[in-house]
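Biologist: Hey, could you walk me through this one?

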Amino acid sequence: MKTKPYSKIAGLYDILDLPFEHFRYKPLRAKVFEGLEGGLLDAGVGTGRNFPYYPEGSNITAIDLSPAMLKRAHRRREKLGIAAQLHQMNVLDTDFPDNSFDAIVSTFLFCVLSAEHQQPALEELRRLCRPNGCIRILEYSISQKPLRRSIMKLWAPWARLAYGAEFDRNTEQYLEAAGLRLTNKKFLYKDTIKLLTIQPI
Ligand SMILES: C[S@@+](CC[C@H](N)C(=O)[O-])C[C@H]1O[C@@H](n2cnc3c(N)ncnc32)[C@H](O)[C@@H]1O
């Protein structure tokens, strides 16, 4: 399991990501949380970049596998005064009971999970999501436009080395086998960052 890239990069993560965060991710994060309420899980919380966008009045739980990333999230939580519970847990095998959450969000987690872990992770999210709840996944997608695709391919070795991430995980293909259905797919940034809205079948 990939805590390694994150134990190394945790101290630099926010700095390295700053231009992307500022110019690309910020407006997208707000959209991910639009209309969500109740008990909410942020799976793969990282350093807590989603904190400012958590819906007011919701009851937030956030997990991450990497202690180093969680340490940063703890600091950000104190700084922003966010009332979220943080736990070190593997998304493939959490300690929560079935149907624990009204909504589950993950941002840039599935690009980090290997192909073999995509379906088990989705199955675990399905187990945790209440029957009428929803799961929202914000993820990279490899561009279909030749120039943008080539640029992404140039970046790919760095993304793999630094973050253990791939741009072309195509998480949608595992949904049905995991007992989930796609209710909406929308590109939020060019044809490279998509928001998947998913429900238990
Ligand atoms: C690219 S970062 C994204 C962090 C954050 N969600 C964001 O949007 O900035 C991926 C995060 O997923 C975490 N992660 C990787 N594998 C995981 C697993 N099996 N269970 C839980 N978290 C995991 C990593 O430690 C890292 O913090």
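Modeller: Let's go through the sheet, the core and the ligand. The model is predicted, so local features need pLDDT of at least 70, side-chain atom pairs count only at pLDDT 80 or more, and totals for chains, interfaces and linings use all residues. Residues are numbered from 1 along each chain as its sequence is written.

Biologist: What order do the strands of the open sheet have?

Modeller: The order is β3-β2-β1-β4-β5-β7-β6, 7 strands with mixed pairing. Strands are DSSP runs of E, at least two residues, and helices are runs of H or I, at least four, numbered from the N terminus. Two strands pair if DSSP finds at least two bridges between them.

Biologist: Which strands stand at the edges?

Modeller: β3 (84-88) and β6 (180-189); each has a single partner strand, so one side of each lacks a neighbour in the sheet.

Biologist: And how many bridges join β4 to β5?

Modeller: 6, and these two strands run parallel. Threonine 107 stands opposite leucine 138 in β5.

Biologist: OK, new topic: which residues have the most contacts inside the largest nonpolar core?

Modeller: Ala43, Phe101, Ile104 and Leu125, in a core of 44 residues. α1 gives the largest share, 5 residues. Such a core is a set of buried Ala, Val, Leu, Ile, Met, Phe, Trp, Tyr and Cys residues joined through C-beta atoms within 7 Å; buried means 20 or more other C-beta atoms within 10 Å of the residue's own, with C-beta atoms placed from the backbone.

Biologist: What about the ligand, how many residues surround it?

Modeller: 22 residues, counted if the C-beta atom, placed from the backbone, lies within 6 Å of the ligand. Gly44, Gly46, Ser66, Val91 and Thr107 are the closest.

Definitions and conventions: Buried ≥ 20, exposed ≤ 12 C-beta atoms within 10 Å, placed from the backbone.
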